[in-house]
Every structure is written in C-alpha cells, then in structure tokens.
Amino acid sequence: MLKIALPNKGRLVEDIRDVLRDAGLKVRAGNERALVASMGDEFSALFVRASDIPEFVADGAADAGITGWDCVGESGRELDSLVDLKIGRCRLVVALHPRPGGPSTLDEIPNGARVATSFPRLAEGFFRERQRTVQLVPVSGAAEVAPHLGIADAIVDLVSTGSTLRVNGLVEAGTVLESSARLIARPRAELPEDVAAALDDLALALSSVVRAREQRYLMANVPRDRLDSVRDVLPGISGPTIIEVRGGSDDFVAVHAVVPENQVYRIVSRLKGLGCQGILVTRIERLVP
Ligand SMILES: Nc1ncnc2c1ncn2[C@@H]1O[C@H](COP(=O)(O)OP(=O)(O)OP(=O)(O)O)[C@@H](O)[C@H]1O
Ligand SMILES: O=P(O)(O)OC[C@H]1O[C@H](OP(=O)(O)OP(=O)(O)O)[C@H](O)[C@@H]1O
Ligand SMILES: [Mg+2]
C-alpha cells in the first residue's frame, strides 16, 4: 500500500477529492476526523496540513502527496511535480499599501523594508535575487492586515480573485510564484522500483482526468459536401472521426471529434453555419492520448 499525503482541511480538500474520485480513487474515510483512509485498492490516504505535506513526502513518511506548489517552494525540499492538477490556482505576490511618500512599485521598496508573510523562505529569496535585504515579519495568516497595523511596509501572500487585497486597499507589485495543486514525490532516482511504478500509474490516472476536463467530445451530422470545411473547424486529437450513417440520408455523415472546452462555443456556431445537424457535446471522463 502506497501512502499518499492529502490536505486534511482548507481550500484544496474538495477539489482534490473530486479529481481522485474521477480517477477512480474513492477515499473511504471512517469519519471526518480520521487521519488515514483507504483510497482505491492500492493506496492509503494520510490527512495532514497542506503546508506539512512536502516535508512528509521528502522524509519518506508518505510515498507521494498532493498539495499547493507554493507549499513545496516554501519547504525548500527537493521534490518532483508529477502532475499539475490545475486546481487551487493562485499566485504568491508582493503587495503594497500605496500612500504618500511610501513605495508604490517593487523597485521603490527600500532595503530594510518590513515584509509580512507566511512564506518567509520564498519572500526572502525573491528579494535576495533582486539584491534587496528585507526584514521579514512572520505571520501565520491574514498578512493583509499587517500594513494597516503599522507592522509592515509590504506583504507577500497568495491571491486568486484579488478581492482580499482590494478590500484591504493593497495593490500588487510583483509575482513571486505561480501555484496550483500538484502530485509530488521524491526525485525518481531515490524511489524503489515498485513505488516508482505505482506512482506512474497514479500520475497517468490523474493526468488523464485533468486533460479530459479541458476537452469535450463533439458529435454532429455533417452534409457530405461540407466535410472539408468542417475539417478546418474541428481540430480534434488526430482529426475528426468520420462515420457513414447506415440507413440514414446519403447526404450526411456523422463526425466525432475531441475539441478544447473553451472553443466549443465558437465551433458549434460555425458547424451550425455549415449546415450541420444534431450537434451533441458531452464531457469526457478520461483522456489518454
Ligand atoms: N485564494 C486562494 N485561491 C486558490 N488557492 C489557494 C488560495 N489560498 C490558498 N490556496 C492554495 O491552497 C493551499 C492551502 O491553503 P489553505 O488556505 O487551505 O490552508 P493554509 O491557509 O495554508 O493553512 P491553514 O488553514 O492550515 O493555516 C495553499 O497552499 C494554496 O496552494
Ligand atoms: O485573492 P483572493 O481570492 O481574495 O484570495 C486570497 C486569500 O486567500 C487566502 O486566504 P484564505 O481565505 O485561505 O484564508 P487564510 O488566511 O486563513 O489562509 C490567501 O491567504 C488570501 O488571503
Ligand atoms: Mg489560506
């Protein structure tokens, strides 16, 4: 049984559970506060704090983990990202409270400025790369209030919608890191053969779910004499599949294609314009190219 460390609470919990479920790995927890649970037949889930997961994986207490890439960066441990789950997307940014006489851009943040953050390692590294020495003010959350309390000149914190910065009157001045939830493991060379093989299976299952979410399966009846124009509209994985419709009108063929989710809107209206009928768009559960 491979142990996979997962966040026990917070922002990532539900989205990770959904990806695992779609990959066929149902987490069977005895109760809400259980620390371990079985997950499919091959894995057991170990529930810990999102920010502790990199340490647990690096130390071998878990064989792999799923957590934010920001947590991995902050841990400073050497870990591989096997799959980007494309959930929990956010950015770690430097933000300021603009006021007369104070810094209003990254370049104006002086040496010795006080920076409140729960990401001291990433924040310090970011300023060091820019030949700046800052004074870190460690906080464990709600860094946004620090400038208002007069204990910091800037903050380094996560943003996604930007609304927390906005309500606190702060503006972004630079990006430290782009983050999303990742399947992480120790570097491959350090893994026993059987663990590496099981993680390959897990990575394939998760990446097929992530890929499928970005695509849709589209079917349409296409006028035979418009096939060439329809081919130009449908990218498909390896071009559309064209199927003769038995017993149907000779003037139409059925076309199936995999299309990017964000292009469905445009493609459907172009197909309609080319005289296609019976257009059907469905979700894909998994996609292995
Ligand atoms: N606003 C956000 N939008 C998207 N993802 C986020 C956001 N905030 C945090 N995350 C992601 O979720 C991870 C866990 O954050 P969460 O808020 O659940 O816990 P935490 O604040 O780090 O810790 P705790 O609640 O245990 O003190 C972060 O490391 C980051 O990857
Ligand atoms: O750009 P936004 O969409 O406003 O999100 C950003 C906020 O989300 C996170 O906090 P969270 O809500 O997780 O609270 P926490 O401080 O307790 O971690 C982060 O620390 C920011 O405060
Ligand atoms: Mg948080």
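This is a predicted model: local features need pLDDT of at least 70, side-chain atom pairs count only at pLDDT 80 or more; totals for chains, interfaces and linings use all residues.

Author: Within the shell around ligand 2, the largest share, three residues, comes from β10. Residues are numbered from 1 along each chain as its sequence is written, and chains are lettered from A and ligands numbered from 1 in the order in which they are written.

The residues that surround ligand 2 are R11, G141, A142, E144, D157, L158, V159, S160, T161, G162, S163 and T164, where a residue counts as near if its C-beta atom, placed from the backbone, lies within 6 Å of the molecule. Two or more residues of this shell are given by each of β10 (154-159) and α5 (163-167). By class, the shell around ligand 2 holds three nonpolar, six polar and three charged residues; Ala, Val, Leu, Ile, Met, Phe, Trp, Tyr, Cys and Pro count as nonpolar, Asp, Glu, Lys and Arg as charged, and the others, Gly among them, as polar.

Ligand 1 has 16 residues around it, of which G10, R11, G68, C90 and S160 come nearest. Its shell divides into five nonpolar, seven polar and four charged residues, and at least three residues are drawn from each of domain 1 (2-87 + 180-212) and domain 2 (90-178), with bounds that come from an automatic or database domain assignment. A further part of the protein is domain 3 (215-283).

The C-alpha centres of domain 1 and domain 2 are 30 Å apart. Their contact takes four residues from domain 1 and six residues from domain 2, two residues being in contact if their C-beta atoms, placed from the backbone, lie within 7 Å.

As a whole, the protein has eight helices and 16 strands. Its radius of gyration, taken over C-alpha atoms, is 25 Å, well over the 19 Å that the globule rule gives for 289 residues, so the protein is more spread out than a compact globule; that rule is 2.2 Å times the number of residues to the power 0.38. The C-alpha trace spans about 80 × 50 × 35 Å along its principal axes.

Key. Helices (H or I, at least four residues) and strands (E, at least two) are DSSP runs, numbered from the N terminus.
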